[in-house]
Amino acid sequence: MKALVVEDDLFTSALIRQALTSNRYSVTTAVDGEMGLDLAIADEYDVIVLDWMTPKMDGMSVCRELRNRGDKTPILMLTSKDSSTDIVAGLDAGADDYLTKPFQVPVLMARLRAITRRGDLAHTEPELTWGPLSLDPVSAEVKCEDNLLALTPKEYRLLELFLRHPRRVFSRSNIIEKIWVLEDSPTENAVTNLIKDLRRKLKGADLDPDMIETVYGLGYRLKEAPNKQGIS
C-alpha cells in the first residue's frame, strides 16, 4: 500500500514513515502543502497523512482542493489543535479522521486501518505480478503460485518497488531513498546485500533469481517477465 505523508516537522515525519514502512507501506513524504498537493495529484495513494499547519499551503486547503478535484483518497489530519470547533472544521474540509499531537503510534496505525477499510481499498489496488509471482499490496502477501514467500519488510518494499516500476533502472542511492527511513544511514553495500538476500529467496521459490538484473554502472531493474506480457 502507498502512503503520502505531508508534514514539515522532520522528526514527526520520520516517526510516521518508520511506523508505516514497518507495516509494509511504501511511503512518500512532503515538507510543505504545495509539494504535498502536487504529489497527491501526480500519483495515486491509498492513504494521506496530512498535517494541518504546513508551510506554503495549509493542510485544510490541501484537503479541500483534493476533494474539489474529486479525489477520494482517505485523509488523516494531524494537528495540535484540539477544540471541537477545529475538529469539525477539519472533518468538514474533507478529512476522514482527525488525530491530535502528540499521538501514540499504535493509535495512528489503528486510525489509518479504520479509514482505509472505509475506502474499500481491496477493490482499488490490483495485484502486481511477474510470471508466477504475485504481490498483493492490500494483504502485503507475496506468493509464487500458491506458496507464500517469507520476506522481511525491506525485501518486500524492494520487490514492490521493482514491480511497480518495471524496466526502470534504480541506482543504489535511489533504493536507499525509497526503502530506508530518514534516521538510518545505510551504505551502498547495504543495498547490495539486500538485493542478494531477495534474490536468494526468489531462487528458493524456484523463480529466476536474476529477475532483478544488474545494469552495470547504473543500478538494478526488473527483467521482462518470462511470458513477455509484462507486469499487470
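1. Ground rules. This is a predicted model, so local features need pLDDT of at least 70 and side-chain atom pairs count only at pLDDT 80 or more, while totals for chains, interfaces and linings use all residues. Residues are numbered from 1 along each chain as its sequence is written, and side-chain values use heavy atoms, with hydrogens and water left out.

2. Overall build. I see eight helices and eleven strands; these are DSSP runs numbered from the N terminus, H or I of at least four residues for helices and E of at least two for strands.

3. The parallel sheet. Five strands make an open sheet, ordered β2-β1-β3-β4-β5, with parallel pairing (two strands pair if DSSP finds at least two bridges between them). β2 (26–30) and β5 (97–100) are the edge strands, each pairing on one side only. Four bridges join β1 (residues 2–6) to β3 (residues 47–51), and V5 has V49 of β3 as its bridge partner.

4. Its helices. Helix α1 (residues 10–22) lies across β1, β2, β3 and β4 (75–79), at about 165° to β2 (axes are lines fitted to C-alpha atoms, for helices over the stretch in contact, and angles run from 0 to 180 degrees between N-to-C directions). Helix α2 (residues 33–42) touches β1, β2 and β3, and its direction makes about 140° with that of β2.

5. The antiparallel sheet. Here the order is β6-β7-β8-β9, again open. β6 (128–130) and β9 (147–148) each have a single partner strand, so one side of each lacks a neighbour in the sheet. Helix α6 (residues 153–164) packs on this sheet, touching β6, β7 (133–136) and β8.

6. A helix crossing. The axes of α7 (residues 172–179) and α8 (residues 188–204) come within 9 Å and cross at roughly 80°, which makes α7 roughly perpendicular to α8 (65 to 115 degrees counts as such). Among the residues making the contact are I175 and I176 of α7 and V191 of α8.

Notes. Contact means heavy atoms within 4.5 Å. Angles under 35 degrees count as roughly parallel, over 145 as roughly antiparallel, 65 to 115 as roughly perpendicular and the rest as oblique.
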